[in-house]
Amino acid sequence: MYKILEDIKLGNILIVDDTPKNSLLLQAILASSGFSNINILDGGEYVEDFVKNNPVDLILLDLNMPNFNGFDVLKMMKTNFEERNIPIIIVSAQNELQTRIRALKIGAKDFISKPVDRFETVNRVTNTLESRQNYLRVLQNNENLEKAVLSRTIELQKT
């Protein structure tokens, strides 16, 4: 049921930013480090449909967007997709302490300030995807254990 990330570089990354040059810069940084499954959306209003129809292992999210800002996306993800536990890293020039705390309280897992640093970005993405990989492994192990217990229970009931 759970798709384990055997290679974190194959994780499905979604970049959400209304400024194309920011999205393309993030994509270039990640692609040059070997990440290959990167999608870009140019507005927060498209995230819900995308997540419904595509696998997503990590979202890199800008806060300052028209119509449906990053905080709106965080709230929507918590309401509609909390069970998927998709990590979200905020990538924003709004790096005031109150903004970071608000984003973290709503559900962001990390925060990268713009202008982005290549080394910091790659390492935060790598670390977050490694955590996701471990989380998915625990879920898979729990599911396998439950199946084994159920199977053994059925066997014992037959005897």
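Is valine 56 buried or exposed, and what is its relative accessible area? Valine 56 is buried, at 6% relative accessible area (buried means under 20%, exposed over 50% and partly exposed in between, with a 1.4 Å probe and protein chains only). Before we go on, note that this is a predicted model, in which local features need pLDDT of at least 70, side-chain atom pairs count only at pLDDT 80 or more, and totals for chains, interfaces and linings use all residues. Residues are numbered from 1 along each chain as its sequence is written, and side-chain values use heavy atoms, with hydrogens and water left out.

Valine 56 sits in the loop between helix H2 (47-53) and strand E3 (58-61); helices (H or I, at least four residues) and strands (E, at least two) are DSSP runs, numbered from the N terminus. Beyond its neighbours within four places in sequence, valine 56 is in contact with Asn12, Leu14, Phe50, Val51, Ile86 and Arg132 (contact means heavy atoms within 4.5 Å).

Now to the sheet. Its 5 strands form an open sheet in the order E2-E1-E3-E4-E5, with parallel pairing; two strands pair if DSSP finds at least two bridges between them. Strands E2 (37-41) and E5 (110-113) stand at the edges with a single partner strand each, so one side of each has no neighbour in the sheet. E3 and E4 pair over 3 bridges in the parallel sense, and leucine 60 has isoleucine 89 in E4 as its bridge partner.

Finally, look at helix H4 (residues 97-106), where Thr99, Ala103 and Ile106 are buried. Viewed down the axis of H4, its buried residues fall within an arc of 70 degrees, so they line one face of the helix (the arc is that of the directions from the helix axis to the C-beta atoms). Their cover includes helix H3 (70-81) and strand E4 (88-92), while the face of H4 turned away from its buried side carries the exposed Leu97, Gln98 and Lys105.
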